[in-house]
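Student: I would like to go through the terms used for this model one at a time. Please set each value against its definition.

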Amino acid sequence: YNTTATAAGHRALVMAGLRLQGADGRQLFWLLMLEALACGTVGAALGIPFGIALGRLTMGLVADSMSVIFELRFAVDELAVRWRNVPFAATAGIGAALVASISAARRVGRLEPLAVVRPSLRVTAPPASGRLVALWLVLCAISAAALAREVELRSIAWGNFGSTLWVAASIVIAIPVVSASSPLFSRILPRLFGVEGRVAAESIARAPVRTGVTAAAIALVVTIALTSASLSWSLSRNISSYFSSGVMTCDLAVSAVTTEGGWLETPLPDRLAGELSEIPGIRRAELVRILPGQLFRGARIALSGISARLFDPDRYPAGWYRSGDPVQAAAALRAGLAADISVSLADRYGIAVGDPITLAAPSGPVTLSVVGIVPDYISDQGSVVLAREVLVEHWHDRAVNRVLLFFDAGVDPEVVRQAVRDRFAGRFALKMLTRPKPSSTTPVRSLAPSSSWTPFSF
């Protein structure tokens, strides 16, 4: 739309000349539409093969991302193109070019030749700023109400609705803002950039709708980029805190080098913990087993079975339990009578502390009482944290994904790592994760958040 509107505005004099030579507005309209048809056809002819080439270049990256998300290994040999869909894609591309050109072609077809040569020529009619501002206020109010409902109901649908209206409101208000700013641009731009600035200011004044939509689109792209960066940074910090000051806190985490197709490490036999405990300098070894894909109310959640001593309330920072008492929760969890659930699971299904949850196990339904709501990131659908003994009893699974090691006071982590390498060399392909080496002023057992865990493997 911006391309065709700009092209039509710059060729207004040419179109006026054709009108003076006998062409009518209908002929000019179809002339521009034929041009759009040609441009759309060339664009589709170039875009389809380039799109296929881009698909071949990125299919490995997409397969890896899907493997992480769905925890399955996707083997990709080649890109399969459904050629019967290519004509539909080409038709859609050409149709988009034609639809985007209709407005500009109609405006040019209606221009009077004498109006074209006037200095006050506007390719578009002046926007009704008052109505647009009123519409903007209405959209903002509805968007705010929808976002409030999203927070109240934890509803993705309300959030998407409110965000869509907010984007529409930004486009609507951009047009009167640009129209009101055009006199300021007419004074400033020529002084700063001379003739080029004057041409730019005149272009803004003559096409405020086109300029406003363009400005809104640029603002939207910048907003999306900043939002994505903020979400990525926030998630990185949260996961870093989860590993450095939450349930996974330890001096050294040992797991398999290989994975089950996603992020989750391949299970190891539980006897590994006993052998690790025999290494000098290791005070104790605790076990973590994660079972993804467990059915719960029609969704696939994850179960996390951990050693009883990992429920110690002193391990967790203040505020870790969003709901529930850590001391009471630890006692019930160690007894195998209760479970913690993730914040995402609580929000998705409206589960509160004290509610029962029933899990489908190979031995039959298992009902546990919810004693805590905590942050957990092992599944986007939600997760349940329970004692490993419950997992062994009802799911008949004794394997472990991670062994969390705790050192004696003053032990050098490098010495322990080397001892683990020496003991299991040739038997298990292991990796070891530890926090960065503390400074001279930081205690060895510091729980300060850190995202730079260092992997060691052999």
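Student: Why is Arg149 called partly exposed?

Tutor: First, this is a predicted model, where local features need pLDDT of at least 70, side-chain atom pairs count only at pLDDT 80 or more, and totals for chains, interfaces and linings use all residues. Residues are numbered from 1 along each chain as its sequence is written, and side-chain values use heavy atoms, with hydrogens and water left out. Buried means under 20% relative accessible area, exposed over 50%, and partly exposed in between (1.4 Å probe, protein chains only). Arg149 has a relative accessible area of 34%, so Arg149 is partly exposed.

Student: What makes Arg149 and Glu152 a salt bridge?

Tutor: The term requires a side-chain nitrogen of Lys or Arg within 4 Å of a carboxyl oxygen of Asp or Glu. The closest N and O atoms of Arg149 and Glu152 are 3.4 Å apart, a salt bridge. Glu152, at 55% relative accessibility, counts as exposed.

Student: Why is Glu286 called buried?

Tutor: Glu286 has a relative accessible area of 3%, so Glu286 is buried. Glu286 also forms a salt bridge with Arg309, the closest N and O atoms being 2.9 Å apart. Arg309 is partly exposed, because its relative accessibility is 48%.

Student: How do you know that Glu275 and Arg423 meet in a salt bridge?

Tutor: The N to O distance between their side chains is 3.6 Å. Glu275 lies in helix 10 (residues 271-277) and Arg423 in helix 14 (residues 413-424), so the pair ties together parts 148 residues apart in sequence. Helices here are DSSP runs (H or I, at least four residues), numbered from the N terminus.

Terms used: Helix = DSSP H or I, 4+ residues; strand = E, 2+ residues; numbered from the N terminus.
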